[in-house]
Amino acid sequence: MAYSAPRGTVDILSDVSGKWQELEQLIRTICVNYNVKEMRTPIFEHTELFTRSIGDTTDVVTKEMYTFDDKKKRSITLRPEGTAGIARAYVEHKLYALPEKLQKYYYMGPMFRYERPGNGRQRQFHQFGVEMLGLESPYVDVECMVMAVTVVEALGLRNVKLHINSLGDEESRNTYREALKKHFAPALSELCFDCQQRFEKNPLRILDCKVDKDHPIMNNAPKTIDYLSESAKNHFDKVCALLDDLEIEYVIDTNLVRGLDYYSHTVFEIISDDPQMGQGSTVGGGGRYNTLISELGGPEVPGVGFAFGMERLMLALGNAQNEEDGLDVYLMPLGEQAKDLAVQIITMLRANGFTCDMDQCDRGLKGQFKSADRYHAHFSMIIGDEEVKKEVVNMKCNHSKEQTEVALENIVSFIEEHFEGGHHHE
Ligand code: HAM
């Protein structure tokens, strides 16, 4: 039987894992810069957590979750996103009681959604997300957005736009809901089965229906922004004013409603027109969620956050690939005695912090030189019978092509001298 990875999953092979590490490192550096700390939550949670938070009329909950019963018949779901887990942990560990009222967390890791795999869409994919919990302030909304923009800028992603909108507070949403129902009622029978369900339960979800998206009734649907309460409008105006002051470019996108139910007030997405990603592809999105924590049994603590799809960020990194760093030394023993000596030397060199590898295939010089080349080795260290006898090694610098005989006890100082002021793996 031939095995293959399940549809929608991808093996990250060693030739690209270096680029993933680069992306992860860049993200961690930005998080340190913003004083955002990492939180790691489980990859599976009780199903109820996601249905309660993401919302039981959303596509994610109704169609895309990997849900199964464990051996004790508890319903378990592989996390489709990261916000719910962070919110659960925040409540469970009473992190709202910490002296620092604003808590800022980030996470990176695999998420699971049963979607049709395609350009930048997988069933197991990775997110980098940030959640800022504790304050209702528009300043924190903007801190999130600026951080998200910083990430795409640091990656050199061009043609990206920050789209923002406001869904308003409880009061705004109630009046908006009525307006939506009034708008859709005459065409209800023409909409898909799902939308007819959504109409009663959550008419907002009709707006991001993939089936009915071209129905004419969608065109002039009421906009959230026209139904904002006074305080919701003030909040949104302040967000826009702060972005203006910081000279962060954005567009107010009144069609932006997001696909998850926990949002209120500010929502945003970073949309790319990079041809490699496909037009209008959403690299990341997020927004404010003021009732999520209390819905999960915690106090009334507001939050705001965002998440990026890391596969989509990787596509961006693809444009600007770094030259792969090579080995400091590739050891080339010829014969068994030489190999025994090479094992001693390589262990000593690695303990001294040098990046090394050696031939384990007992090949001739030619094959070994090919490996030295493939690994971009700075030095090839040739050890033959002659060298073993004389207690020396032959160091060939692969840049200058110069060869030097070096006594065993001088190997480290020889390499160090050579790298002085130049490149060396730390
Ligand atoms: P989301 O918009 O559902 O938001 O997902 C965020 C990002 O994850 C998307 O913009 C996309 O780049 C990526 N993504 C989603 N599904 C897939 C997939 N099947 N394959 C590849 N990438 C995908 C959230 O998940 C919220 N938790 C964001 C948030 C955090 N809101 C507040 N805090």
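## Salt bridges

The count of salt bridges comes to 21, where a salt bridge is a side-chain nitrogen of Lys or Arg within 4 Å of a carboxyl oxygen of Asp or Glu. The model is predicted: local features need pLDDT of at least 70 and side-chain atom pairs pLDDT 80 or more, while totals for chains, interfaces and linings use all residues. Residues are numbered from 1 along each chain as its sequence is written, and side-chain values use heavy atoms, without hydrogens and water.

One of the salt bridges joins lysine 210 and aspartate 59, whose closest N and O atoms are 3.5 Å apart. Lysine 210 lies in the loop between α7 (193–201) and α8 (230–245) and aspartate 59 in helix α3 (residues 59–63), so the pair ties together parts 151 residues apart in sequence. Helices (H or I, at least four residues) and strands (E, at least two) are DSSP runs, numbered from the N terminus. Lysine 210 is exposed, with a relative accessible area of 54%, whereas aspartate 59 counts as buried at 16%. Buried means under 20% relative accessible area, exposed over 50%, and partly exposed in between, with a 1.4 Å probe and protein chains only.

Glutamate 143 forms a salt bridge with lysine 104, with the closest N and O atoms 2.7 Å apart. This pair links distant parts of the chain, since glutamate 143 is in helix α5 and lysine 104 in strand β5, 39 residues apart. Glutamate 143 counts as partly exposed at 22% relative accessibility; lysine 104 is buried, at 14%.

Arginine 288 and aspartate 141 form another salt bridge, and their closest N and O atoms are 2.6 Å apart.

## The ligand site

Of the 26 residues around the ligand, Glu81, Glu115, Gln122, Glu131 and Tyr263 come nearest; a residue is near a molecule if one of its heavy atoms lies within 4 Å of it. β10 gives the most to this shell, with 7 residues, and β6, β10 and β11 each supply at least two.

A polar side-chain atom of glutamate 115 lies 2.7 Å from a nitrogen atom of the ligand. Polar contacts are pairs of N or O atoms within 3.5 Å; within protein, one must be able to donate a hydrogen and the other to accept it, and residues adjacent in sequence count only if both atoms are side-chain atoms. The side chain of glutamine 127 has an N or O atom 3.0 Å from an oxygen atom of the ligand. From phenylalanine 306, a backbone N or O atom lies 3.3 Å from a ligand nitrogen. Taken alone the ligand exposes 660 Å², and the protein buries 95% of that, with areas from the Shrake-Rupley method and a 1.4 Å probe.

## Helix α10

Helix α10 (residues 310–317) is mostly covered, with 7 of its 8 residues buried. Among them are Met310, Leu313 and Leu317. The cover includes α1, β5 (103–112), β6 (124–133), α5 (138–154), β10 (281–289) and β11 (303–309).

## Aspartate 359

Aspartate 359 lies in the loop between β13 (356–358) and α12 (365–374). At 1% relative accessibility, this residue counts as buried. Its side chain reaches the backbone nitrogen of cysteine 361 at 3.2 Å. Leaving aside neighbours within four places in sequence, aspartate 359 is in contact (heavy atoms within 4.5 Å) with Tyr330, Leu331, Pro333, Lys339 and Gln368.
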